[in-house]
Amino acid sequence: MTRLLLRSCSRLALACLLLAGAAPLASALQNADPARGFLDGQWDRQQEIEAMFRAVPDPARLREYMEYMSEEPHIAGLGRGSLRVAEYAVEKFRSFGLDAAIEETEALMPLPVERHVEVLGPEPYTLRLTEPEVPEDEDTFDEGQLSPYNAFAADGDATGEVVYVNYGIPEDYEKLADLGISVEGKIVLARYGRSWRGIKAKLAQENGARGALMYSDPADDGYYQGLTYPEGPYRPQWGVQTGSILDMPVRPGDPLTPGWGAKEDREKLTRETAGTLVRIPVLPISWGDALPILEQLRGTAAPNDDWKGALPITYHIGPGPATVRIRTVNDWQVRPIYNVVARIEGSTWPDQWIVHGNHHDAWCNGAMDPISGAVQLMETARGFGELLKAGIRPARTVIFALWDAEEWGLLGSTEWAETHREDLGEKGVVYINTDSNGKGWLGMAGSHTLERFLNEVARDIEDPERGVSVYEAARARRLETAANPDARQQIEQSDDLRLAALGSGSDYTVFLDHLTMASLNLGFGGDSPGGVYHSAYDTLHWYLTFADGEFVFGRALSQLVGTAILRLANAAVLPFGFTALADAMSGYVEEIRETHAAMESPDAIDFESLEAALAALEAAGEGYEEALAGLSAVEAEGVLGSEAAVQLNQLLYTTERRLGYEEGLPNREWFRHQVYAPGLYTGYGVKTIPGVREGIEEEEWDAARFYVQVVSQALGDLTGQIQEAERILADLR
């Protein structure tokens, strides 16, 4: 009945209806101080609008979207599955009253043709390389399932003795070297975990392996953690983690069009010159298929418990005597990508853009990854559509995007952002990313210039299970799980929760790391296991049984993200701050100094310029806070339409640009941000102040010294821009 009423209401009646549903929260906020960036005369109306919006997200709608979008496999580049989901999303956005379209691009996307692995001896065995259906889950019988493989692995036919390399990360190869064991000419067997799969393939190749296999050990992702699917949530015996091994820490996106849109009129690279493709065959396998290999390994036993998994064997490293043959053939084609983009033109500052994205493609049915996040975005967009029907339009332009081909290496978002790089460089204010969403506690990561702002928003969103705000719930969780007394004390002594720094692994990468646009990554988790990640068992049945089956955390995420967008869109002064950035960076510099001091015979590094720049940034940030506090009593009417306000806000949202360096990082110029980047050998994991930190870690002393000066100059430029913003604030008062 409510839906019928909403369709037939006048604008005024609709607004009243929405406000009635949101009355408890609106009244709770009635006496709250104005949120960051809001002026006298703005905040009361803003609270009404937020309450109207937060009344809209509906768990039933979230489930409705998920049921359709996860009904079939929808792998980017394969069949109509991805296009089917994109067309559904466009139809929904338009039904909400939004201007929406599919923006098509393309990228190199190889699909598997042949996959074969066999143990030649001592005891022959042919690997299954399949995930069997589960009778309790009808979606596992769907046609169109993709055979497990690693996207962008090379075609090849490789035979060799097997060496077990534990997690296949740098310290494991250091241990092998200590033991006198080489993988040159061998087949590497690594277990998933501790790092991203692409790093395991890259290190296997760099150490001379002919090929690589990766499996999920039950110690990390299986029966050792709990009951396996379908009885429990964890990965079963024949479950396989599919995924891309494109060298994303060097550059994500189409490997043939680095730094420009795939459909631009420029000559593409070849596969031979692409630079982000591995040159050996690599395949993922289940622990069921890994066991017959591990059972036949001898040689050195696992050197310590860290090298032992949970299989009922003695873990040996080899080499051999187990010998394996891997054969892979792929269909290397440029294939279409279907990004869905919906737009609401801003009423006051249309050339300032807030962008919210989540991907829609999956390696399978993808109920958890990514549909749990995609349905939140759609319901958030519906909330904005309801506000439009009530005659309420955001002051800044809001863009909702569902990206395609994220799983392949962030292809859709990267190609879209590179295509629109000039507009985004001029107009992009903030990018907000979501991906998978489960149940548990709010996870917050991103640009520290948005730390205070996001904490404010989190205080105003109710946790769906605990009767407190999501901020209070997250704070209690952090205190409970603090690694040590010092970490706990830091939480207790701070009013705000620290944002985690972002590395890579999702669609924020191009916006933050390449375009240096302030970005956030948000979602709930910690109480929903990920035991079917990138497998055929990531289905609606799994999600309803083991994750946010009531969709209450999906609703809370929609309320959180939508509230954040509304404040970013409507604030007279964009809610950036700089003291948290200075504080976080001071911690990063201290970590780097400790690493440097602990090294044996390190070259001298002079951190004085960097520390002086940080001190100046901290002072400028505090001065800006004082000026902003003095503006809150100013009447909004005289500010909103002024040229000074336009200039001020442009200064604020381009502050993140000052943290970029046009030449990028050593050997990966695509990564331009000088505070956040994935590590070259950590995959998704962040390396803060990466030019300096990695220079020291790799003992590239000239590079470390050079980037100390680059970062110092960037902080000096940022400080000057903050001081200019402070002067404009003073004039507005």
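## Basis of the description

Strands, like helices, are DSSP runs numbered from the N terminus, a strand having at least two residues. The structure is a predicted model.

## Largest pocket

Strand E18 supplies five residues to the lining of the largest pocket, the largest share from any element. This pocket has a volume of about 1000 Å³. Helix H11 (367-389), strand E17 (440-446) and strand E18 (519-526) are the elements that each contribute two or more lining residues.

The lining of the largest pocket comprises 41 residues, and those nearest its centre are Asp-369, Asp-435, Ser-436, Asn-521 and Tyr-533. By class, this lining contains 16 nonpolar, 17 polar and eight charged residues.

## Second largest pocket

Of its 29 lining residues, Glu-451, Gln-490, Ser-494, Arg-498 and Asp-583 lie nearest the centre. The lining divides into 11 nonpolar, seven polar and 11 charged residues.

At least two lining residues come from each of helix H14 (451-459), helix H16 (485-493) and helix H20 (579-598). Helix H20 gives the most, with seven residues.

In soluble globular proteins, nonpolar side chains tend to be buried together. The largest nonpolar core here holds 154 residues, among which Phe-93, Phe-400 and Phe-576 touch the most other members. Helix H25 (residues 701-732) is the greatest contributor to this core, with 13 residues. A separate second core of 72 residues includes Val-163, Ala-204, Leu-213 and Met-248.

Beyond its neighbours within four places in sequence, Phe-576 is in contact with residues including Arg-36, Val-429, Val-430, Tyr-624 and Leu-652.

Conventions. Residues are numbered from 1 along each chain as its sequence is written. This is a predicted model: local features need pLDDT of at least 70, side-chain atom pairs count only at pLDDT 80 or more; totals for chains, interfaces and linings use all residues. Side-chain values use heavy atoms; hydrogens and water are left out. A nonpolar core is a set of buried Ala, Val, Leu, Ile, Met, Phe, Trp, Tyr and Cys residues joined through side-chain atoms within 4.5 Å. Buried means under 20% relative accessible area, exposed over 50%, partly exposed in between (1.4 Å probe, protein chains only). Helices (H or I, at least four residues) and strands (E, at least two) are DSSP runs, numbered from the N terminus. Contact means heavy atoms within 4.5 Å. On a 1 Å grid over the protein atoms alone, a cavity is a set of points where a 1.4 Å probe fits but cannot get out, and a pocket is an open set with protein on both sides within 12 Å along at least five of seven lines; lining residues have an atom within 4 Å of a point. Grid points are joined across faces, edges and corners, and a volume is the space filled by probe spheres set on the points. Ala, Val, Leu, Ile, Met, Phe, Trp, Tyr, Cys and Pro count as nonpolar, Asp, Glu, Lys and Arg as charged, and the others, Gly among them, as polar.
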